[in-house]
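Please take a moment with the sequence and the fold below, and then follow the text from the inside of the protein to its charged pairs.

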Amino acid sequence: LWEYSSGSAKKVASSKYVNFDLTKPEASPKGISGEIKDVTLEHNVYKDGVKGMNILVDFDVNGMKGLDGKCSAYFYYQDGGKVMDTNQKYDTTDGQAAVSISFKPSYDNSTYTDYKIFMPYSELEVGTGEYHLKVTCTLWEYSSGSAKKVASSKYVNFKFTR
C-alpha cells in the first residue's frame with residue numbers, strides 16, 4: 001500500500017495476497033465498457049408479413065466509437081434450458097435460438113434507447129402449447145476479429161403460446 005503526498009510516494013504497508021473481484025466483467029484493454037439498462041418485449045408485431053416479437057433494448061457503450069458491435073438476444077426455458085432453433089435461421093453455433101443486430105457507435109460514449117431486435121415466433125421452436133420462456137441480451141464488440149462480451153442483461157420472462 002502506498003501513500004502519495006506532495007508528488008512523492010511512501011510505502012505504508014505490504015502483503016503477499018492480492019484480492020480481485022471476479023464478479024465484475026473484465027474491461028477490454030481499450031477501455032471498452034457498457035451497460036444494458038432495460039429490456040422490454042413488444043408482442044404480436046409484424047415485420048415483412050412475419051408475426052413475432054420486438055425486443056427493445058436500452059444500453060450505453062463507452063470506448064466503442066467506430067467499432068463494430070452486436071446486440072444479441074438468447075432464448076431459454078424458465079428452468080434454464082436453451083430453446084433450440086433446428087432450422088438454423090435464428091441460432092447460435094450450438095443451435096440455441098437467438099437473434100442479433102449490429103451497431104457502430106458514432107461517439108465514444110453512446111446511448112441507445114429502444115434498440116429494436118425482431119424475433120419471428122416461428123423461430124421459437126418449442127412445439128404446441130403454452131410455454132414460460134425467458135430472454136437475455138448481450139452486447140458484443142468485434143474490433144479484434146473475435147467477439148468480446150461488453151455487457152449482459154437480466155432475464156426477461158414471458159409466456160409463449162403456439
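A residue is called buried when its relative accessible area is under 20%, exposed when it is over 50%, and partly exposed in between, using a 1.4 Å probe and protein chains only. The model is predicted, so local features need pLDDT of at least 70 and side-chain atom pairs count only at pLDDT 80 or more, while totals for chains, interfaces and linings use all residues. Residues are numbered from 1 along each chain as its sequence is written, and side-chain values use heavy atoms, with hydrogens and water left out.

Which residues form salt bridges, meaning a side-chain nitrogen of Lys or Arg within 4 Å of a carboxyl oxygen of Asp or Glu? The whole structure holds four such bridges, and in one of them K37 meets D60 at 2.9 Å, N to O. Because K37 lies in strand β3 and D60 in strand β4, this pair ties together parts that are 23 residues apart in sequence. K37 counts as exposed, at 52% relative accessibility, whereas D60, at 14%, counts as buried.

A further salt bridge joins E130 and K159, with the closest N and O atoms 3.8 Å apart, and it links strand β8 to strand β10, 29 residues apart.

Methods. Helix = DSSP H or I, 4+ residues; strand = E, 2+ residues; numbered from the N terminus.
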